[in-house]
Amino acid sequence: MEHSTDGLDGLVRKRIRALRVAQGWSLEELAGRANLSQSSLSRIENGQRRLALDQLVTLARALDTTLDQLVETASDDVIISPMIDGAHGVMRWPVKSDPGMTVVRQRMTEPPPDNPARMRAHPGREWLVVLSGTAVLMLGHRRFRVETNQAAEFPTMLPHAVGAEGGPCEILGIFDRDARRGHLRDNRSPGNDCAPDLPHTT
(Lines give C-alpha, C1' and ligand atoms only; values in the text may rest on other atoms or scores of the structure.)
Protein backbone atom coordinates (compact mmCIF):
# COMPACT_ATOMS: atom_id res chain seq x y z
CA MET A 1 0.00 0.00 0.00
CA GLU A 2 1.17 3.57 -0.61
CA HIS A 3 3.34 5.35 1.96
CA SER A 4 0.60 7.75 2.99
CA THR A 5 -1.67 8.57 5.92
CA ASP A 6 -4.61 9.42 3.65
CA GLY A 7 -7.42 7.31 2.26
CA LEU A 8 -7.47 3.55 2.75
CA ASP A 9 -3.86 3.49 3.93
CA GLY A 10 -4.61 5.85 6.79
CA LEU A 11 -7.85 4.04 7.63
CA VAL A 12 -6.07 0.69 7.94
CA ARG A 13 -3.42 2.18 10.22
CA LYS A 14 -6.11 3.70 12.46
CA ARG A 15 -7.93 0.36 12.59
CA ILE A 16 -4.79 -1.49 13.63
CA ARG A 17 -4.21 0.95 16.48
CA ALA A 18 -7.90 1.01 17.49
CA LEU A 19 -8.11 -2.80 17.59
CA ARG A 20 -4.88 -2.99 19.60
CA VAL A 21 -6.14 -0.45 22.12
CA ALA A 22 -9.53 -2.20 22.34
CA GLN A 23 -7.71 -5.40 23.31
CA GLY A 24 -5.77 -3.50 25.97
CA TRP A 25 -2.45 -4.42 24.34
CA SER A 26 0.69 -2.32 24.29
CA LEU A 27 2.76 -1.93 21.13
CA GLU A 28 5.13 -4.53 22.56
CA GLU A 29 2.34 -7.07 23.14
CA LEU A 30 0.86 -6.81 19.64
CA ALA A 31 4.31 -6.76 18.06
CA GLY A 32 5.13 -10.01 19.84
CA ARG A 33 1.89 -11.65 18.68
CA ALA A 34 2.53 -10.53 15.08
CA ASN A 35 6.26 -11.39 15.08
CA LEU A 36 7.20 -7.76 14.42
CA SER A 37 9.56 -5.47 16.24
CA GLN A 38 7.96 -2.84 18.45
CA SER A 39 9.55 -0.07 16.41
CA SER A 40 8.23 -1.54 13.14
CA LEU A 41 4.70 -1.70 14.54
CA SER A 42 4.97 1.86 15.82
CA ARG A 43 6.06 3.09 12.37
CA ILE A 44 3.18 1.16 10.74
CA GLU A 45 0.63 2.79 13.04
CA ASN A 46 2.16 6.25 12.60
CA GLY A 47 2.41 6.11 8.79
CA GLN A 48 6.20 6.05 8.75
CA ARG A 49 6.49 2.59 7.20
CA ARG A 50 4.95 1.11 4.07
CA LEU A 51 2.13 -1.38 4.67
CA ALA A 52 3.13 -4.77 3.24
CA LEU A 53 0.49 -7.39 2.46
CA ASP A 54 2.21 -10.17 4.42
CA GLN A 55 2.40 -7.92 7.50
CA LEU A 56 -1.29 -6.99 7.19
CA VAL A 57 -2.26 -10.68 7.05
CA THR A 58 -0.19 -11.38 10.16
CA LEU A 59 -1.55 -8.34 12.00
CA ALA A 60 -5.14 -9.23 11.10
CA ARG A 61 -4.64 -12.73 12.51
CA ALA A 62 -2.99 -11.37 15.67
CA LEU A 63 -5.91 -8.93 16.13
CA ASP A 64 -8.46 -11.73 15.71
CA THR A 65 -9.92 -10.26 12.53
CA THR A 66 -9.52 -10.86 8.79
CA LEU A 67 -7.64 -9.02 6.08
CA ASP A 68 -10.95 -8.22 4.35
CA GLN A 69 -12.30 -6.59 7.53
CA LEU A 70 -9.07 -4.72 8.08
CA VAL A 71 -9.11 -3.11 4.63
CA GLU A 72 -12.90 -2.84 4.21
CA THR A 73 -14.06 0.53 2.92
CA ALA A 74 -17.38 2.24 3.64
CA SER A 75 -20.28 1.04 1.53
CA ASP A 76 -22.95 3.26 -0.01
CA ASP A 77 -25.44 0.46 0.69
CA VAL A 78 -25.69 1.12 4.44
CA ILE A 79 -29.46 1.08 5.01
CA ILE A 80 -31.18 -2.34 4.97
CA SER A 81 -34.95 -2.52 4.57
CA PRO A 82 -36.73 -5.41 6.26
CA MET A 83 -38.46 -8.30 4.56
CA ILE A 84 -41.96 -8.32 6.06
CA ASP A 85 -44.23 -11.29 6.66
CA GLY A 86 -47.45 -9.63 7.80
CA ALA A 87 -49.26 -12.93 8.30
CA HIS A 88 -46.82 -13.96 11.04
CA GLY A 89 -46.01 -10.48 12.35
CA VAL A 90 -42.35 -10.93 11.40
CA MET A 91 -39.74 -8.51 10.08
CA ARG A 92 -36.41 -9.97 8.96
CA TRP A 93 -33.08 -8.33 8.08
CA PRO A 94 -30.05 -10.11 6.60
CA VAL A 95 -26.61 -9.27 8.00
CA LYS A 96 -24.58 -8.41 4.90
CA SER A 97 -21.19 -8.97 6.51
CA ASP A 98 -22.29 -12.49 7.50
CA PRO A 99 -24.81 -13.80 4.94
CA GLY A 100 -25.73 -16.73 7.16
CA MET A 101 -26.89 -14.52 10.02
CA THR A 102 -30.39 -13.07 10.31
CA VAL A 103 -32.04 -10.53 12.62
CA VAL A 104 -35.76 -11.06 13.23
CA ARG A 105 -38.37 -8.91 14.98
CA GLN A 106 -41.61 -10.66 15.91
CA ARG A 107 -44.77 -9.93 17.88
CA MET A 108 -46.05 -12.91 19.84
CA THR A 109 -49.44 -13.42 21.44
CA GLU A 110 -49.53 -17.16 22.24
CA PRO A 111 -47.69 -18.98 25.04
CA PRO A 112 -45.05 -21.55 24.07
CA PRO A 113 -45.94 -25.26 24.11
CA ASP A 114 -45.14 -27.07 27.34
CA ASN A 115 -44.59 -30.39 25.60
CA PRO A 116 -40.93 -30.86 24.54
CA ALA A 117 -42.17 -33.01 21.65
CA ARG A 118 -43.55 -29.82 20.07
CA MET A 119 -40.31 -27.86 20.46
CA ARG A 120 -37.49 -27.39 17.98
CA ALA A 121 -33.98 -28.79 18.29
CA HIS A 122 -31.33 -28.15 15.64
CA PRO A 123 -27.68 -27.04 15.34
CA GLY A 124 -26.79 -23.41 16.02
CA ARG A 125 -27.16 -20.66 18.60
CA GLU A 126 -29.84 -18.01 19.10
CA TRP A 127 -29.87 -14.69 20.94
CA LEU A 128 -32.99 -12.69 21.68
CA VAL A 129 -33.98 -9.54 23.55
CA VAL A 130 -37.52 -8.70 24.65
CA LEU A 131 -38.51 -5.27 23.34
CA SER A 132 -41.88 -5.14 25.13
CA GLY A 133 -44.01 -7.39 27.31
CA THR A 134 -42.84 -10.65 28.84
CA ALA A 135 -41.63 -13.68 26.90
CA VAL A 136 -41.33 -17.25 28.05
CA LEU A 137 -38.39 -19.32 26.84
CA MET A 138 -38.75 -23.08 27.13
CA LEU A 139 -35.51 -25.09 27.08
CA GLY A 140 -36.40 -28.74 27.41
CA HIS A 141 -38.28 -29.02 30.72
CA ARG A 142 -36.95 -25.68 32.02
CA ARG A 143 -39.01 -22.49 31.82
CA PHE A 144 -37.51 -18.97 31.81
CA ARG A 145 -39.39 -15.66 32.05
CA VAL A 146 -37.65 -12.97 29.97
CA GLU A 147 -38.79 -9.45 30.86
CA THR A 148 -38.63 -6.28 28.76
CA ASN A 149 -35.00 -5.33 27.98
CA GLN A 150 -33.70 -8.70 29.19
CA ALA A 151 -31.88 -10.96 26.74
CA ALA A 152 -31.34 -14.70 26.45
CA GLU A 153 -28.76 -16.75 24.54
CA PHE A 154 -28.84 -20.50 24.18
CA PRO A 155 -27.65 -23.43 22.04
CA THR A 156 -30.44 -24.63 19.78
CA MET A 157 -29.56 -28.31 20.12
CA LEU A 158 -31.75 -28.12 23.25
CA PRO A 159 -35.48 -28.48 22.48
CA HIS A 160 -36.73 -24.90 22.68
CA ALA A 161 -39.67 -22.60 22.04
CA VAL A 162 -40.54 -18.97 22.75
CA GLY A 163 -43.94 -17.44 23.43
CA ALA A 164 -45.76 -14.66 25.28
CA GLU A 165 -46.92 -14.46 28.88
CA GLY A 166 -49.72 -12.22 30.18
CA GLY A 167 -50.32 -10.47 26.87
CA PRO A 168 -48.49 -9.74 23.62
CA CYS A 169 -44.71 -9.40 23.60
CA GLU A 170 -42.25 -8.32 20.96
CA ILE A 171 -38.81 -9.83 20.58
CA LEU A 172 -35.72 -9.18 18.48
CA GLY A 173 -33.79 -12.33 17.73
CA ILE A 174 -30.41 -13.03 16.11
CA PHE A 175 -29.96 -16.41 14.45
CA ASP A 176 -26.63 -17.80 13.27
CA ARG A 177 -26.43 -19.73 10.00
CA ASP A 178 -27.27 -23.14 11.49
CA ALA A 179 -30.12 -21.83 13.66
CA ARG A 180 -31.66 -20.01 10.68
CA ARG A 181 -31.50 -23.14 8.55
CA GLY A 182 -33.05 -25.16 11.37
CA HIS A 183 -36.00 -22.78 11.69
CA LEU A 184 -36.60 -22.63 7.94
CA ARG A 185 -36.55 -26.42 7.77
CA ASP A 186 -38.90 -26.75 10.77
CA ASN A 187 -41.34 -24.19 9.37
CA ARG A 188 -41.72 -26.30 6.24
CA SER A 189 -42.56 -29.36 8.36
CA PRO A 190 -46.31 -29.94 8.88
CA GLY A 191 -47.62 -29.67 12.41
CA ASN A 192 -44.76 -27.62 13.81
CA ASP A 193 -46.20 -24.60 15.61
CA CYS A 194 -43.31 -23.54 17.83
CA ALA A 195 -42.30 -19.89 17.98
CA PRO A 196 -40.53 -17.83 16.79
CA ASP A 197 -41.06 -18.45 13.07
CA LEU A 198 -38.70 -17.44 10.31
CA PRO A 199 -40.56 -16.80 7.05
CA HIS A 200 -39.02 -18.61 4.12
CA THR A 201 -38.09 -15.85 1.69
CA THR A 202 -35.42 -15.68 -0.95
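Predicted model: local features only at pLDDT ≥ 70, side-chain atom pairs only at ≥ 80, totals over all residues.
The chain contains six helices and nine strands. Of its 202 residues, 38% are buried.

Six of the strands build an open sheet. Their order is β1-β2-β3-β9-β4-β7, and the pairing is antiparallel. The edges are taken by β1 (83–85) and β7 (151–155). Each of these two has a single partner strand, so one side of each is left without a neighbour in the sheet. From one strand to the next, the twist averages 20°. Within this sheet, β3 and β9 lie next to each other in the order. Strand β3 covers residues 102–108 and strand β9 covers residues 169–175. Seven bridges connect the two, in the antiparallel sense. One of the paired positions is M108, whose bridge partner in β9 is C169.

A further antiparallel pairing joins β5 (residues 135–139) to β8 over five bridges. Here V136 has G163 of β8 as its bridge partner. Strand β8 spans residues 160–164. Five of its five residues are buried, so the strand is largely enclosed by the rest of the structure. In a regular strand, side chains alternate between the two faces of the sheet. In β8, H160, V162 and A164 point one way. A161 and G163 point the other way. Residues of both sets are buried.

H160 deserves a separate description. This residue lies in strand β8. Its relative accessibility is 1%, and H160 therefore counts as buried, the limit being under 20%. Two polar partners were found for the H160 side chain. With the side chain of E126, H160 makes a polar contact of 3.4 Å. The side chain of H160 also reaches a backbone atom, the oxygen of L158, at 2.8 Å.

Among the helices, α1 and α3 pack against each other. Their axes are 8 Å apart and meet at an angle of about 125°. That angle makes α1 oblique to α3. On the α1 side, the contacting residues are R13, I16, R17 and R20. On the α3 side, they are L41, R43, I44 and E45.

Two of these residues also form a salt bridge. The side chains of R20 and E45 meet at 2.7 Å, N to O. The pair links distant parts of the chain, with E45 in helix α3 (residues 38–45) and R20 in helix α1 (residues 7–23), 25 residues apart. Both partners fall under the 20% limit for burial. E45 has 11% relative accessibility and so counts as buried. R20 is buried as well, with a relative accessible area of 8%.

In total, the structure holds seven salt bridges. Another of them joins R125 and E153, at 3.4 Å from N to O. R125 lies in strand β4 (residues 125–132) and E153 in strand β7, so this pair ties together parts that are 28 residues apart in sequence. In the sheet order, β4 and β7 are neighbours. R125 is partly exposed, at 39% relative accessibility. E153 is exposed, with a relative accessible area of 51%.

A salt bridge also forms between the side chains of E165 and R145, at 2.5 Å from N to O. E165 sits in the loop between β8 and β9, while R145 belongs to strand β6 (residues 142–146). The two are 20 residues apart, and the pair links distant parts of the chain. E165 is partly exposed, with a relative accessible area of 22%. R145 is partly exposed too, with a value of 45%. This pair belongs to one network, in which salt bridges that share partners join R143, R145, E147 and E165.

Technical notes
Residues numbered from 1 in each chain as written. Heavy atoms only, no water. Pairing = 2+ DSSP bridges. Helix = DSSP H or I, 4+ residues; strand = E, 2+ residues; numbered from the N terminus. Axes fitted to C-alpha atoms, helices over the stretch in contact; angles between N-to-C directions. Buried < 20%, exposed > 50% of the residue type's maximum accessible area, 1.4 Å probe, protein only. Polar contact = N/O pair within 3.5 Å; in protein donor to acceptor, adjacent residues only side chain to side chain. Salt bridge = Lys/Arg side-chain N within 4 Å of Asp/Glu carboxyl O. Parallel < 35°, antiparallel > 145°, perpendicular 65-115°, else oblique. Contact = heavy atoms within 4.5 Å.
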